[in-house]
There are 2 protein chains.
Amino acid sequence: MSVYVVGHKSPDTDSVTSAIAYAELKKAMGVDAVAVMQGELNPEATMVLEKFGFAAPEIMTDGAGKKLILVDHSDIAQAPDNLDKAEIIEIVDHHKIGDITTSNPIFFCAQPVGCTGTVLKQLFDINDVAIPKNIAGIMLAAILSDTVLFKSPTTTDADKKACDALAKIAGVDDMEALAMEMFKAKSAVEGVPMRDLIFRDYKDFDMNGNKVGCGQLELVDISLVADMRDDLYKELQKVKSEGRHTVLLMLTDIMKEGTDLMVVSDDPSYVEKAYNVKVDGPTVWVDGMMSRKKQTVPPLQKAFGG
Amino acid sequence: MSVYVVGHKSPDTDSVTSAIAYAELKKAMGVDAVAVMQGELNPEATMVLEKFGFAAPEIMTDGAGKKLILVDHSDIAQAPDNLDKAEIIEIVDHHKIGDITTSNPIFFCAQPVGCTGTVLKQLFDINDVAIPKNIAGIMLAAILSDTVLFKSPTTTDADKKACDALAKIAGVDDMEALAMEMFKAKSAVEGVPMRDLIFRDYKDFDMNGNKVGCGQLELVDISLVADMRDDLYKELQKVKSEGRHTVLLMLTDIMKEGTDLMVVSDDPSYVEKAYNVKVDGPTVWVDGMMSRKKQTVPPLQKAFGG
């Protein structure tokens, strides 16, 4: 019986490449592992897989009756559907510890680093398995993406060290050029439906019993979405109306290192309290906000009281 | 600010020695780490610490306002009180994944092996820190205890490999002799109050909203408790009456490799379903049952429906 290695919903580069890379490691260790993903590739991940010669993994959204290895998440809301009917056999992650529990002991490896790719680099090393050249390439790309070329406050020395080693294996001489190529691909917004932009990199959270969603668009220049703000806001109101207390859309300017935060909420005071801002329009600029995981979610979770 | 390394409630040899050993590793890595425990030493742990020259760690039951590293558990019910007012900074475990969540990314390392000591052996190695001789001794003792000298079905090759390496470092020539010394200490029941015997190695679980407790006495010969059965049963009924749906006491015969299971329950049919037995007296013999973690808890959790 195959073991499916799968990242979170609304897959990003790390979720997709980590599924591919970890399936490769497990195969080298004798496990019949298959990388899958829970949704379509985003433009950045598409570019990365093409560049290093990988086909897109198959899409799998239902975990029922399957053996699963979860990468890049440990929350029920971000895992495949029917998780209670699946058998989770491993979790590898770099986020806060989520609400997934198991009825048997399993391998669970989470580290407070910038990217699952960094954890995987260590797992290859610990298990004494050489990283294939193209696999090193996608792992490198994932770390550069998640750490926004080491600008994100989630970046650790372990991430930089992993990138140095992976770049050598992958034969990538210029990490910055690779990162810029990804950022440009990621910034592609022209002609994309509003809903797809919101859900391109999107997660739902349970905050003290309230469903709270947060999407993020990382842009090399925030003016790229200047013409779309009204339409984005209208669509975000729709997403909010689908049973959520609050929905945020982070319009993150990679170069200016901050986020124009679009807010639709039953009670914006939670957002105001979380980031010490005043919400009096569709968006509010939060200087220095780059990381949903480290800067957007924890203060909001705290404001909601857990 | 110190970081407190702490095992589960009703500490056993693994919980106490893992706190000491991991605090030692963290100190070697520059962290001001202090090993503590949540209750008195049991007879086996007392013998192990004495043999390898360690004082008993201080008792700490309240986590409020403290930085914590949890070892040998990942369940809220087994962690220090006021966990919501503590900051959990790491978890190292070998049990099923529990219900602890965090609001920030942390280091969480669980492995499906027989003992936390085995995971710690790997963490020393990965971090390139030499294991002091006496620390190797208590880690070895913990693995021999948790795996019942490799007889428990929880035993893995990793446990055996770790023991071989640790025995060399600790200068222990005869692992079996060390194990028998521990088992004899563990089997000491004479003159011990019934309540203390039940809680010597005891855990509460949440099974689909029901509080279910399970204690275990590992005995070199089950006849050691022959005279105490009635008194143990009466005391177990008291424990049950303190807000629990079901309480089990495993009277495990290490040599016969099975457990006489004492059952007090609002509805014994869950127990009957879980182990495919008929409960028509205070105890029922379950052949081959050695491990609470692997053989007693998962089937019961399943019988309760989660």
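## B:S15 in helix α1

B:S15 sits in helix α1 of chain B; helices here are DSSP runs of H or I with at least four residues, strands are E runs of at least two, and both are numbered from the N terminus. B:S15 is buried, at 2% relative accessibility. Buried means under 20% relative accessible area, exposed means over 50%, and partly exposed lies in between (1.4 Å probe, protein chains only). Leaving aside residues up to four places away in sequence, B:S15 touches B:G7, B:H8, B:V71 and B:D72. Contact means heavy atoms within 4.5 Å.

## Basis of the model

This is a predicted model: local features need pLDDT of at least 70, side-chain atom pairs count only at pLDDT 80 or more, and totals for chains, interfaces and linings use all residues. Residues are numbered from 1 along each chain as its sequence is written, chains are lettered from A and ligands numbered from 1 in the order in which they are written, and side-chain values use heavy atoms, with hydrogens and water left out.

## Positive phi in chain B

Most residues other than glycine have a negative phi. B:S10 has a positive phi, near 50°. B:S10 belongs to the loop between β1 (3-6) and α1 (13-28) of chain B and is buried at 17% relative accessibility.

B:N82 also has a positive phi, near 55°. Its loop runs between β4 (67-71) and β5 (87-93) of chain B. B:N82 is partly exposed, at 32% relative accessible area.

## The sheet across both chains

An open sheet of twelve strands, with mixed pairing, runs β3(A)-β2(A)-β1(A)-β4(A)-β5(A)-β6(A)-β6(B)-β5(B)-β4(B)-β1(B)-β2(B)-β3(B). Its edge strands are β3 (58-59) of chain A and β3 (58-59) of chain B, each pairing on one side only. Two strands pair if DSSP finds at least two bridges between them.

β6(A) pairs with β6 (residues 107-110) of chain B in the antiparallel sense, over three bridges. There, A:A110 stands opposite B:F108. In chain B, β2 (residues 33-37) and β3(B) run parallel, joined by two bridges. B:M37 has B:I59 as its bridge partner.

## The A–B interface

Chain A and chain B each bring 22 residues into contact. About 1900 Å² is buried between them, 67% of it from carbon and sulfur atoms. Buried area is the accessible area (1.4 Å probe) that two parts lose on being put together, summed over both. A:I97, A:P105 and A:F108 supply 30% of the area that chain A buries against chain B, more than any other three residues.

Zero salt bridges cross between the chains. A salt bridge is a side-chain nitrogen of Lys or Arg within 4 Å of a carboxyl oxygen of Asp or Glu.

## Salt bridges within the chains

Over all chains, 34 salt bridges are counted. One joins the side chains of A:K9 and A:D81 (2.9 Å, N to O). The two residues lie 72 residues apart, A:K9 in the β1–α1 loop and A:D81 in the β4–β5 loop of chain A. A:K9 is partly exposed at 27% relative accessible area, and A:D81 is partly exposed at 38%.

B:D204 and B:R244 form another (2.9 Å, N to O). B:D204 is in strand β7 (residues 202-207), and B:R244 is in the loop between α8 (229-241) and β9 (246-253), 40 residues apart. B:D204 is buried at 18%; B:R244 is buried at 10%. B:K256 pairs with B:D253 in a salt bridge, with the closest N and O atoms 3.3 Å apart. B:K256 is exposed at 52%, whereas B:D253 is buried at 1%.
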